[in-house]
Amino acid sequence: MKGLPVLHNGARVDVGAGANLGADVGVAFDAELGPAPPWAHQPTVEWQVVGQCNYDCSYCIQSKKHRVGIPADAALRGAIAFFARLPTEAGPWEIKTTGGEPFSFRGFLDVVVNGLMDDTPHRLSTLTNLSAPPATLRRFAARTRGRLSVVSSSLHLEHTEVSAFLQRLDVLRDAVDDEVRIVVNCVLVPDRLAASRSSAESGRPR
Ligand code: SF4
(Lines give C-alpha, C1' and ligand atoms only; values in the text may rest on other atoms or scores of the structure.)
Protein backbone atom coordinates (compact mmCIF):
# COMPACT_ATOMS: atom_id res chain seq x y z
CA MET A 1 0.00 0.00 0.00
CA LYS A 2 1.47 3.28 -0.90
CA GLY A 3 0.51 6.73 -1.96
CA LEU A 4 -2.89 7.07 -0.38
CA PRO A 5 -4.89 10.26 -0.41
CA VAL A 6 -3.63 13.74 -0.93
CA LEU A 7 -5.63 16.01 1.30
CA HIS A 8 -6.21 19.57 0.30
CA ASN A 9 -4.15 22.51 1.55
CA GLY A 10 -0.92 20.61 1.37
CA ALA A 11 -1.74 17.95 3.95
CA ARG A 12 -0.63 14.61 2.52
CA VAL A 13 -1.17 11.09 3.75
CA ASP A 14 1.20 8.33 2.70
CA VAL A 15 0.70 4.82 3.92
CA GLY A 16 3.74 2.60 3.87
CA ALA A 17 3.02 -0.75 5.35
CA GLY A 18 3.89 -3.55 3.69
CA ALA A 19 5.59 -6.38 2.53
CA ASN A 20 5.51 -9.66 0.86
CA LEU A 21 7.71 -12.06 2.72
CA GLY A 22 10.75 -13.81 1.31
CA ALA A 23 10.54 -16.46 4.00
CA ASP A 24 13.36 -18.58 2.62
CA VAL A 25 15.89 -15.87 3.45
CA GLY A 26 14.05 -14.56 6.49
CA VAL A 27 13.88 -11.07 5.09
CA ALA A 28 10.70 -9.26 4.19
CA PHE A 29 10.70 -8.25 0.58
CA ASP A 30 8.33 -6.25 -1.49
CA ALA A 31 8.85 -6.10 -5.22
CA GLU A 32 8.14 -2.41 -5.27
CA LEU A 33 9.73 -1.33 -1.99
CA GLY A 34 12.75 -3.65 -1.94
CA PRO A 35 14.10 -5.66 1.01
CA ALA A 36 12.96 -4.73 4.50
CA PRO A 37 14.94 -5.21 7.72
CA PRO A 38 14.62 -8.60 9.46
CA TRP A 39 13.00 -7.22 12.63
CA ALA A 40 9.31 -7.06 13.41
CA HIS A 41 7.48 -4.91 10.96
CA GLN A 42 5.77 -1.84 12.39
CA PRO A 43 2.89 -0.69 10.24
CA THR A 44 3.17 3.05 9.87
CA VAL A 45 1.44 6.01 8.40
CA GLU A 46 3.41 9.13 7.56
CA TRP A 47 1.04 12.04 7.75
CA GLN A 48 1.96 15.56 6.71
CA VAL A 49 -0.64 17.22 8.88
CA VAL A 50 -0.01 20.80 7.78
CA GLY A 51 1.85 22.66 5.07
CA GLN A 52 2.88 25.78 6.96
CA CYS A 53 5.87 26.22 9.23
CA ASN A 54 6.62 29.03 11.66
CA TYR A 55 10.28 28.93 10.56
CA ASP A 56 11.71 29.72 7.14
CA CYS A 57 15.05 27.91 7.00
CA SER A 58 17.25 28.66 4.02
CA TYR A 59 18.01 24.93 3.59
CA CYS A 60 14.43 23.67 3.86
CA ILE A 61 13.69 20.96 1.32
CA GLN A 62 10.20 22.36 0.94
CA SER A 63 10.21 25.58 -1.05
CA LYS A 64 8.55 28.54 0.62
CA LYS A 65 5.95 28.62 -2.14
CA HIS A 66 4.73 25.16 -1.19
CA ARG A 67 5.29 25.41 2.56
CA VAL A 68 1.78 26.74 3.11
CA GLY A 69 -1.69 25.60 3.99
CA ILE A 70 -3.71 24.57 6.99
CA PRO A 71 -6.19 21.75 6.44
CA ALA A 72 -9.77 22.20 7.52
CA ASP A 73 -10.83 20.35 10.66
CA ALA A 74 -13.19 18.22 8.56
CA ALA A 75 -10.30 16.99 6.40
CA LEU A 76 -8.28 16.09 9.48
CA ARG A 77 -11.24 14.24 10.99
CA GLY A 78 -11.73 12.40 7.70
CA ALA A 79 -8.13 11.18 7.80
CA ILE A 80 -8.51 10.09 11.43
CA ALA A 81 -11.68 8.18 10.57
CA PHE A 82 -9.70 6.38 7.86
CA PHE A 83 -6.89 5.53 10.28
CA ALA A 84 -9.47 4.19 12.74
CA ARG A 85 -10.44 1.57 10.15
CA LEU A 86 -6.90 0.30 9.51
CA PRO A 87 -6.51 -3.40 10.33
CA THR A 88 -4.97 -3.96 13.75
CA GLU A 89 -4.51 -7.75 13.82
CA ALA A 90 -0.74 -7.13 14.07
CA GLY A 91 -1.22 -4.40 16.65
CA PRO A 92 -1.75 -0.66 16.51
CA TRP A 93 -0.13 1.41 13.83
CA GLU A 94 2.38 4.18 14.37
CA ILE A 95 1.06 7.45 13.00
CA LYS A 96 4.08 9.65 12.25
CA THR A 97 3.08 13.28 11.98
CA THR A 98 5.13 15.93 10.25
CA GLY A 99 4.64 19.19 8.37
CA GLY A 100 5.56 22.03 7.89
CA GLU A 101 5.55 22.28 11.65
CA PRO A 102 2.80 20.28 13.34
CA PHE A 103 2.65 22.49 16.43
CA SER A 104 2.28 25.65 14.31
CA PHE A 105 -1.47 25.30 14.00
CA ARG A 106 -4.24 24.88 16.56
CA GLY A 107 -5.61 21.82 14.83
CA PHE A 108 -2.61 19.66 15.70
CA LEU A 109 -3.43 19.37 19.39
CA ASP A 110 -7.15 20.12 19.19
CA VAL A 111 -8.04 17.84 16.28
CA VAL A 112 -5.14 15.57 15.25
CA VAL A 113 -3.82 14.52 18.67
CA ASN A 114 -7.21 14.47 20.38
CA GLY A 115 -8.77 12.57 17.48
CA LEU A 116 -6.01 9.96 17.30
CA MET A 117 -6.14 9.42 21.06
CA ASP A 118 -9.95 9.32 21.30
CA ASP A 119 -10.96 7.60 18.09
CA THR A 120 -8.13 5.21 17.18
CA PRO A 121 -5.97 2.64 19.00
CA HIS A 122 -2.80 3.84 17.28
CA ARG A 123 0.45 5.25 18.60
CA LEU A 124 1.78 8.67 17.68
CA SER A 125 5.19 9.97 16.68
CA THR A 126 6.02 13.46 15.54
CA LEU A 127 8.72 15.47 13.87
CA THR A 128 8.98 19.01 15.23
CA ASN A 129 11.28 22.00 15.34
CA LEU A 130 10.46 22.14 19.08
CA SER A 131 9.41 25.78 18.98
CA ALA A 132 6.15 25.17 20.82
CA PRO A 133 5.87 26.87 24.21
CA PRO A 134 6.36 24.79 27.37
CA ALA A 135 2.64 24.76 28.22
CA THR A 136 1.86 23.30 24.79
CA LEU A 137 4.56 20.64 25.12
CA ARG A 138 3.21 19.63 28.54
CA ARG A 139 -0.33 19.46 27.17
CA PHE A 140 0.90 17.30 24.27
CA ALA A 141 2.71 14.95 26.67
CA ALA A 142 -0.31 14.63 28.93
CA ARG A 143 -2.70 13.97 26.06
CA THR A 144 -0.50 11.27 24.48
CA ARG A 145 0.41 9.50 27.76
CA GLY A 146 1.13 5.81 27.07
CA ARG A 147 0.68 6.20 23.30
CA LEU A 148 3.67 8.34 22.27
CA SER A 149 6.55 6.58 20.51
CA VAL A 150 9.10 9.01 19.07
CA VAL A 151 9.53 12.77 19.14
CA SER A 152 12.14 13.82 16.61
CA SER A 153 13.22 17.33 17.61
CA SER A 154 15.25 19.39 15.19
CA LEU A 155 17.40 22.32 16.21
CA HIS A 156 17.42 25.05 13.57
CA LEU A 157 20.03 27.63 14.50
CA GLU A 158 18.77 30.09 11.90
CA HIS A 159 15.70 30.57 14.06
CA THR A 160 16.51 29.76 17.66
CA GLU A 161 19.35 29.71 20.16
CA VAL A 162 20.86 26.59 21.68
CA SER A 163 19.88 27.58 25.23
CA ALA A 164 16.23 28.17 24.30
CA PHE A 165 16.07 24.87 22.43
CA LEU A 166 17.61 22.95 25.33
CA GLN A 167 15.13 24.51 27.75
CA ARG A 168 12.22 23.28 25.66
CA LEU A 169 13.92 19.89 25.32
CA ASP A 170 14.14 19.63 29.10
CA VAL A 171 10.45 20.49 29.40
CA LEU A 172 9.55 17.80 26.90
CA ARG A 173 11.78 15.17 28.49
CA ASP A 174 10.37 15.86 31.94
CA ALA A 175 6.78 15.75 30.67
CA VAL A 176 6.74 12.53 28.62
CA ASP A 177 6.92 8.94 29.79
CA ASP A 178 10.40 7.43 30.26
CA GLU A 179 9.84 5.00 27.36
CA VAL A 180 9.34 7.77 24.80
CA ARG A 181 12.27 8.09 22.41
CA ILE A 182 13.36 11.69 21.93
CA VAL A 183 15.67 12.03 18.97
CA VAL A 184 17.56 15.30 18.61
CA ASN A 185 18.74 16.47 15.21
CA CYS A 186 20.72 19.51 14.25
CA VAL A 187 21.16 20.81 10.73
CA LEU A 188 24.79 21.80 10.31
CA VAL A 189 24.77 25.37 9.04
CA PRO A 190 28.28 26.33 7.89
CA ASP A 191 28.62 29.53 9.92
CA ARG A 192 27.06 28.00 13.07
CA LEU A 193 29.21 24.89 13.47
CA ALA A 194 30.63 26.05 16.82
CA ALA A 195 27.12 26.58 18.21
CA SER A 196 26.08 23.16 16.91
CA ARG A 197 29.01 21.56 18.68
CA SER A 198 28.23 23.40 21.89
CA SER A 199 24.61 22.25 21.73
CA ALA A 200 25.74 18.64 21.32
CA GLU A 201 28.04 18.96 24.32
CA SER A 202 25.58 20.72 26.59
CA GLY A 203 22.58 18.46 26.01
CA ARG A 204 21.49 16.58 29.11
CA PRO A 205 21.70 12.81 28.62
CA ARG A 206 18.50 11.03 29.43
S1 SF4 B 1 11.72 24.03 10.55
FE2 SF4 B 1 11.81 22.35 9.04
S3 SF4 B 1 9.93 22.58 7.81
FE4 SF4 B 1 10.25 24.52 8.93
S5 SF4 B 1 11.36 25.83 7.48
FE6 SF4 B 1 12.89 24.81 8.79
S7 SF4 B 1 13.50 22.96 7.66
FE8 SF4 B 1 11.58 23.71 6.75
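The structure is a predicted model. The protein chain has five helices and nine strands. Helix H2 takes part in both helix pairs described below, packing with H3 and with H1.

**Overall fold**

- Along the sequence, the protein chain runs in the pattern β-β-β-β-β-α-β-α-β-α-β-α-β-α.
- The protein chain contains 206 residues, and 31% of them are buried.
- Take the contacts in the protein chain with a separation of 6 or more: 74% of these join residues 24 or more positions apart.

**Helices H1 and H2**

- Helix H1 spans residues 73-84. H1 packs with H2 at an angle of about 20°. Their axes are 10 Å apart.
- Angles under 35 degrees count as roughly parallel, so H1 and H2 are roughly parallel to each other.
- H1 and H2 cross in a right-handed way.
- On the H1 side, the contact uses Asp73, Leu76, Arg77, Ile80 and Ala84. On the H2 side, the residues are Gly107, Val111, Val112, Gly115, Leu116 and Asp119.
- Sorted by class, this contact of H1 with H2 holds six nonpolar, two polar and three charged residues.

**Helices H2 and H3**

- Helix H2 covers residues 106-119, and helix H3 covers residues 134-143.
- What is the angle between H2 and H3? The two helices pack at about 20°, and their axes lie 10 Å apart.
- H2 and H3 are therefore roughly parallel to each other.
- The crossing of H2 past H3 is right-handed.
- H2 brings Leu109, Val113, Asn114 and Met117 to the contact. H3 brings Thr136, Arg139, Phe140 and Arg143.
- By class, the contact of H2 with H3 has four nonpolar residues, two polar ones and two charged ones.

**Around the ligand**

- Which residues surround the ligand? Among them are Cys53, Tyr55, Asp56, Cys57, Cys60 and Gln62.
- The shell around the ligand also includes Gly100, Glu101, Asn129 and His156.
- Four residues of this shell are nonpolar, four are polar and two are charged.
- Asp and Glu count as charged, so Asp56 and Glu101 of the shell fall in the charged class.

How values were computed:
Residues numbered from 1 in each chain as written. Predicted model: local features only at pLDDT ≥ 70, side-chain atom pairs only at ≥ 80, totals over all residues. Near = placed C-beta within 6 Å. Axes fitted to C-alpha atoms, helices over the stretch in contact; angles between N-to-C directions. Helix = DSSP H or I, 4+ residues; strand = E, 2+ residues; numbered from the N terminus. Parallel < 35°, antiparallel > 145°, perpendicular 65-115°, else oblique. Left-handed = near helix turned anticlockwise from the far one by under 90°. Contact = placed C-beta atoms within 7 Å. Buried ≥ 20, exposed ≤ 12 C-beta atoms within 10 Å, placed from the backbone.
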